Amino acid sequence: MKKLFATLGIHNQEEFWKFFWQFFKFGLVGLSNTFISTAVYYIFVWINPDLYLWGGFVGWIVSVLNAFYWSNRFVFQNEDNSPAALAKRLFKSYLTYGSTFLLSQLLLYLEVNFWGVSVWLAPLLNLLITIPLNFMLNKFFTYRK
């Protein structure tokens, strides 16, 4: 466990609580992302169930903008908020969330078309993988100091 904590930059109790609260705040932002992306997804599915992949894509675009805004202001505060630094972090946000989006879309396709999972349930199952992965990618790539 000590190796895991050291890898995460946690060397004492104070750093543990800082990491914990950052993850907690990331979770709150994630809840809003989940609500936004899921609402967009279900609107597309409601219009036409065959549009489930498009719903996931449009929901992702909107939710990444939401994630960037709140993560930048609330979770991973950064002193450099120049236009260039913001653009770089936004680009990295789309890379980060893009990688997990592709993973989620692949899982969604497999779950719906091969494993018989409902189009309504599959995106919720994918969150068990993408939330922790997004946190780690954001912490150590997008907002790394």
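Helices (H or I, at least four residues) and strands (E, at least two) are DSSP runs, numbered from the N terminus. The structure shown is a predicted model, in which local features need pLDDT of at least 70 and side-chain atom pairs count only at pLDDT 80 or more, while totals for chains, interfaces and linings use all residues. Residues are numbered from 1 along each chain as its sequence is written, and side-chain values use heavy atoms, without hydrogens and water.

**View 1. Lining of the largest pocket.** Helix H2 (13-47) and helix H5 (122-142) each contribute at least two lining residues, and H2 gives the most, with six. A pocket is an open set of points on a 1 Å grid over the protein atoms alone, where a 1.4 Å probe fits, with protein on both sides within 12 Å along at least five of seven lines; lining residues have an atom within 4 Å of a point. The volume, the space filled by probe spheres set on the points, is about 410 Å³. Of the 17 lining residues, Lys 18, Gln 22, Phe 76, Lys 139 and Lys 145 are the closest to the centre.

View 2. Gln 105 lies in helix H4 (residues 83-113) and is buried (under 20% relative accessible area), at 13%. Its side chain reaches the backbone oxygen of Leu 53 at 3.4 Å. Beyond neighbours within four places in sequence, Gln 105 is in contact (heavy atoms within 4.5 Å) with Leu 53, Gly 56 and Phe 57.

**View 3. Confidence along the model.** Mean pLDDT (the predictor's confidence in each residue, from 0 to 100) is 88 for the protein, and 99% of its residues reach 70 or more. Confidence is lowest in helix H1 (residues 2-7), at a mean of 72, and highest in H4, at 92.

Definitions and conventions: Buried means under 20% relative accessible area, exposed over 50%, partly exposed in between (1.4 Å probe, protein chains only). A polar contact is a pair of N or O atoms within 3.5 Å; within protein, one must be able to donate a hydrogen and the other to accept it, and residues adjacent in sequence count only if both atoms are side-chain atoms.
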